[in-house]
Amino acid sequence: MDFLPGTVPTSPTLQLHRYKYHNTKSQKLTNHPMDTENLQTVLQNPTFAYLQTMTQDHLTTKLSHIRTMVLQPYIIEPLSSFLASYSSSMPDLLSIFLLAIIILVSIKILDYAYRVVVFWVTLAFRLVFWGSILGLGCVGVENAGRDFGWLWGVVYGFVGDFQEKSKVAAAAYAGNPK
């Protein structure tokens with residue numbers, strides 16, 4: 001355990017870094033032996049210990065009160081009795097309920113996937129549009145047309161090569177080598 005209330009960790013690396021000066025642009029920070037004594041004093045202060053125990057006790061009391069007065073009678077018991085009574089007599093109702101939850105989750109996932117695809121397609125079209133506007137403005141119509149023709153040839157060559165290789169692969173798979 002690295003740190004327990006009322007104790008200060010004393011690892012060799014911490015002691016090594018404790019007395020170093022840290023320089024930053026805005027201020028100079030120092031770790032002084034007095035800081036450790038002040039921290040020890042605060043942690044051993046009876047008021048601090050009292051506040052710590054009272055806060056934990058108060059929080060535990062309030063959470064158990066909420067559990068017994070709100071969660072148990074209004075959420076847990078009705079839900080458990082509903083599931084217990086309808087799962088044995090009407091399994092179709094439980095199946096429909098689970099199917100509705102699965103459909104809602106899948107619709108959310110598909111909506112997210114749709115938004116991602118639309119974002120990337122829109123980004124690609126915007127890049128092409130603004131790239132063409134910038135290309136026409138910077139290099140002129142003639143040079144932009146020449147560059148577009150070169151790019152079209154490269155893409156056409158890649159597509160043609162892919163089609164040829166896929167036909168050869170399909171023929172080899174079918175058993176008719178070309």
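I read the elements from the N terminus on and noted the order α-β-β-α-α-α-α, that is, five helices and two strands, where helices (H or I, at least four residues) and strands (E, at least two) are DSSP runs, numbered from the N terminus. I kept in mind that this is a predicted model, in which local features need pLDDT of at least 70 and side-chain atom pairs count only at pLDDT 80 or more, while totals for chains, interfaces and linings use all residues. I also noted that residues are numbered from 1 along each chain as its sequence is written, and that side-chain values use heavy atoms, with hydrogens and water left out.

I then looked up the confidence: the protein averages a pLDDT (the predictor's confidence in each residue, from 0 to 100) of 78, and 76% of the residues score at least 70. Over residues 11–27 the pLDDT is below 50, although this stretch has 19 contacts in the model beyond near neighbours in sequence, a contact meaning heavy atoms within 4.5 Å.

For burial I used relative accessible area, with buried under 20%, exposed over 50% and partly exposed in between (1.4 Å probe, protein chains only). Buried residues make up 3% of the 178 residues in the protein.

Helices α4 (91–139) and α5 (141–174) are the elements that give two or more residues to the lining, and α4 supplies the largest share, six residues. Among the lining residues I found Val128, Phe148 and Ala144.

I asked where Ala144 sits and what it touches. Ala144 lies in helix α5 and is buried, because its relative accessible area is 17%. Leaving out residues up to four places away in sequence, Ala144 touches Gly135, Leu136 and Val139, and its C-alpha atom is separated by 8.0 Å from that of Ser132, 12 residues apart along the chain.

Last, I checked Phe82 in helix α3 (residues 46–89), which counts as partly exposed because its relative accessibility is 35%. Phe82 and Leu94, 12 residues apart in sequence, are 9.9 Å apart in space, C-alpha to C-alpha.

Methods. On a 1 Å grid over the protein atoms alone, a cavity is a set of points where a 1.4 Å probe fits but cannot get out, and a pocket is an open set with protein on both sides within 12 Å along at least five of seven lines; lining residues have an atom within 4 Å of a point.
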